[in-house]
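Subject: Handover of a structure

Dear colleague,

Please find the structure below, together with its sequence.

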Amino acid sequence: VNLHLDPADLAFRDEVRAFLSEHLTPAMREGQWMTSGSYPDPAIAVPWQRALNARGWLAPLWPRELGGTGWSGLQRYLFENECALAGAPTVHPMGVRFVGPVIARFGTDEQRRCFLPRILASEDYWCQGFSEPGSGSDLASLSLQARRDGDHYVLQGSKTWTTNAHFANRMFALVRTSREGRPQEGISFLLVDMAAPGITVRPIRTIGGDHDVNQVFFDEVRVPVAHRVGGEGEGWACAKYLLEFERGAGIFAPRLRAQLRRVGEAMRRGALQPPDRLARFAALTGALDAFEWLEVRTMAAIVPGRSPGPVASVLKLRSSRLKQDIAQLGIDVLGEAALRWRVDDGIDDPLARFARVMVPEYCNSRAYTIFGGALEIQLNLIARTVLADAGLRGLA
Amino acid sequence: VQHKLAEMAVESLEARAGCELAALRSEHEADLTTLAACTKSRVAAAADVVGKHAIQLHGAMGVCEELPVAPAFRWLEAFAIQSGRPSQLGPQAGARLLADGRFARSAVLEERT
């Protein structure tokens with residue numbers, strides 16, 4: 001890989017730019033700019049997802065015959081970069097990036113016909129039922145019970161940290177269908193209708209004041225056996241495949257760049273910046289540049305959607321730290337104005353708007369070293385690779 | 001202890017990527033001073049973690065001349081001091097980045113002009 005984009009890549013990038021200038025509206029950009037939680041609300045993201053789908057660009061990682069784009073790793077990166085820097089809403093990944101590939105790979109023909117077009121059309125909004133109270137980093141210990149009753153499963157238990165369950169009409173869930181054998185062997189993968197009787201969604205208020213995550217309770221909830229993906233007790237294979245897309249297919253640098261830009265613009269607007277803050281800004285820019293190169297190099301070298309291997313842990317760890325460092329600089333730029341983040345005094349100048357999004361983002365950024373495989377888990381994985389190879393070879 | 005080792009690996013990897021990128025960009029870069037200052041900031045931060053963790057991992061042997069750890073620590077410190085520490089180079093680099101707006105664009109995918 002080198003830095004030179006060939007004419008075909010440049011033409012592709014220009015095509016993406018043209019699409020953005022035609023379809024990305026000021027309301028969408030404003031909605032994304034003010035988003036401090038993980039994902040913009042459906043009211044912001046869904047119109048954008050529909051525009052992408054109309055162009056055939058919503059699900060780059062799917063097999064082509066099911067709606068994928070067939071892009072190379074570099075093309076995918078170019079696309080994500082243009083979208084992030086233009087301020088486009090983040091596509092909600094639960095359907096397109098997480099459950100979609102699982103249904104495409106492990107689903108029956110009937111399931112593919114039923115669910116995949118509804119994901120592309122944004123008719124279904126999915127949430128992820130993995131973590132439970134008591135089963136977080138040790139996912140295989142999950143205990144939500146699915147009892148077989150004729151051609152249905154009956155679910156009893158709860159899921160937690162369920163992002164955007166309050167918007168979702170469907171959940172993909174790991175459930176326990178057996179307590180025999182290894183814990184992984186008794187897990188099945190179900191597609192659950194969130195409107196089914198017996199489901200209760202309770203909001204969990206979090207540190208930044210956003211409503212992102214929920215606890216979801218299941219009380220004798222009936223799910224058709226026909227909505228199980230893969231065989232009974234074979235859900236772990238689906239989960240591992242899904243996590244490969246969750247961990248390996250994320251592209252972080254462009255969204256981090258958009259975040260750094262928001263902070264840099266606030267610094268430009270503000271009074272003269274003290275030297276130590278300017279030095280921090282330069283150090284952060286240098287760090288993000290290096291991280292971006294590491295990520296582009298990695299993405300360009302793999303089949304899109306497949307895990308890049310242990311280096312995925314490095315990317316996850318560094319992206320979460322960079323997110324935190326940029327957010328920290330952001331609230332330092334605000335100074336005491338940060339304390340007025342919740343004051344609604346009708347003032348809508350750039351500083352007040354910046355405070356309203358930056359302070360929750362700073363608070364929320366602490367969660368990035370916890371979810372999706374905590375920092376300590378990533379360090380374990382990296383240490384294992386370094387010790388096995390006695391060096392950096394396994395990561396580079 | 002393993003986590004310290006992993007942190008060192010991560011720092012080394014990103015610092016090396018930063019150097020590689022800077023070398024590639026230097027061919028076409030108009031403002032080499034700012035590019036060098038930003039890269040130096042990243043590498044010096046990595047050197048700090050690697051040098052100090054290396055000593056800590058070795059315990060008292062880490063500060064003895066018998067192992068290569070002690071000279072490596074001094075060498076990394078000398079690198080950080082030479083031509084200016086990040087705290088000395090950073091303010092001007094930060095001001096220039098803000099002025100020309102380059103921080104807001106991809107460091108990798110921008111078209112060469």
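I begin with a pair of helices in chain A. On one side of their contact, A:Tyr77, A:Glu80, A:Asn81, A:Cys83, A:Ala84 and A:Leu85 belong to H4(A); they meet A:Ala253, A:Pro254, A:Arg255, A:Arg257, A:Ala258 and A:Arg261 of H8(A). Sorted by class, the residues of this contact are seven nonpolar, one polar and four charged.

Please note that this is a predicted model. The predictor assigns the complex an ipTM of 0.95 and a pTM of 0.94. For chain B the average pLDDT is 94, and 97% of the residues score at least 70.

To return to the helices, two packed helices are described by the angle between their axes and the distance between the axes. Helix H4 covers residues 73-86 of chain A and helix H8 covers residues 253-269 of chain A; their axes lie 8 Å apart, at an angle of about 20 degrees. Angles under 35 degrees count as roughly parallel, and H4(A) and H8(A) are therefore roughly parallel to each other. The crossing in which H4(A) passes H8(A) is right-handed.

One residue of H4 in chain A deserves a separate look, namely A:Asn81. Is A:Asn81 buried or exposed? Its relative accessibility is 3%, and A:Asn81 therefore counts as buried. Leaving out residues up to four places away in sequence, A:Asn81 touches A:Pro254 and A:Glu292, and also B:Ser106 and B:Leu109.

By class, the contact of H10(A) with H1(B) comprises five nonpolar, no polar and five charged residues.

B:Glu14 has 0% relative accessibility and so counts as buried. Which residues does B:Glu14 contact, leaving aside its neighbours within four places in sequence? They are A:Ala287, A:Ala290, A:Phe291 and A:Arg318 from chain A, together with B:Arg42 from chain B.

A:Gly100 is located in helix H5 (residues 93-106) of chain A. With a relative accessibility of 0%, A:Gly100 counts as buried. Apart from residues up to four places away in sequence, A:Gly100 touches A:Trp62, A:Gly95, A:Leu116 and A:Ile119. A:Gly100 and A:Glu15 are 85 residues apart along the chain, and their C-alpha atoms are separated by 26 Å.

The other glycine, A:Gly335, is placed in the loop between H10 and helix H11 (350-365) of chain A. A:Gly335 has 36% relative accessibility and therefore counts as partly exposed. Between the C-alpha atoms of A:Gly335 and A:Ala355 the separation is 9.7 Å, and these residues are 20 apart along the chain.

With kind regards

Definitions and conventions
Residues are numbered from 1 along each chain as its sequence is written. Chains are lettered from A and ligands numbered from 1 in the order in which they are written. This is a predicted model: local features need pLDDT of at least 70, side-chain atom pairs count only at pLDDT 80 or more; totals for chains, interfaces and linings use all residues. Side-chain values use heavy atoms; hydrogens and water are left out. Axes are lines fitted to C-alpha atoms, for helices over the stretch in contact, and angles run from 0 to 180 degrees between N-to-C directions. Helices (H or I, at least four residues) and strands (E, at least two) are DSSP runs, numbered from the N terminus. Angles under 35 degrees count as roughly parallel, over 145 as roughly antiparallel, 65 to 115 as roughly perpendicular and the rest as oblique. A crossing is left-handed if the near helix is turned anticlockwise from the far one by less than a right angle, and right-handed if clockwise. Contact means heavy atoms within 4.5 Å. Ala, Val, Leu, Ile, Met, Phe, Trp, Tyr, Cys and Pro count as nonpolar, Asp, Glu, Lys and Arg as charged, and the others, Gly among them, as polar. Buried means under 20% relative accessible area, exposed over 50%, partly exposed in between (1.4 Å probe, protein chains only). pLDDT is the predictor's confidence in each residue, from 0 to 100.
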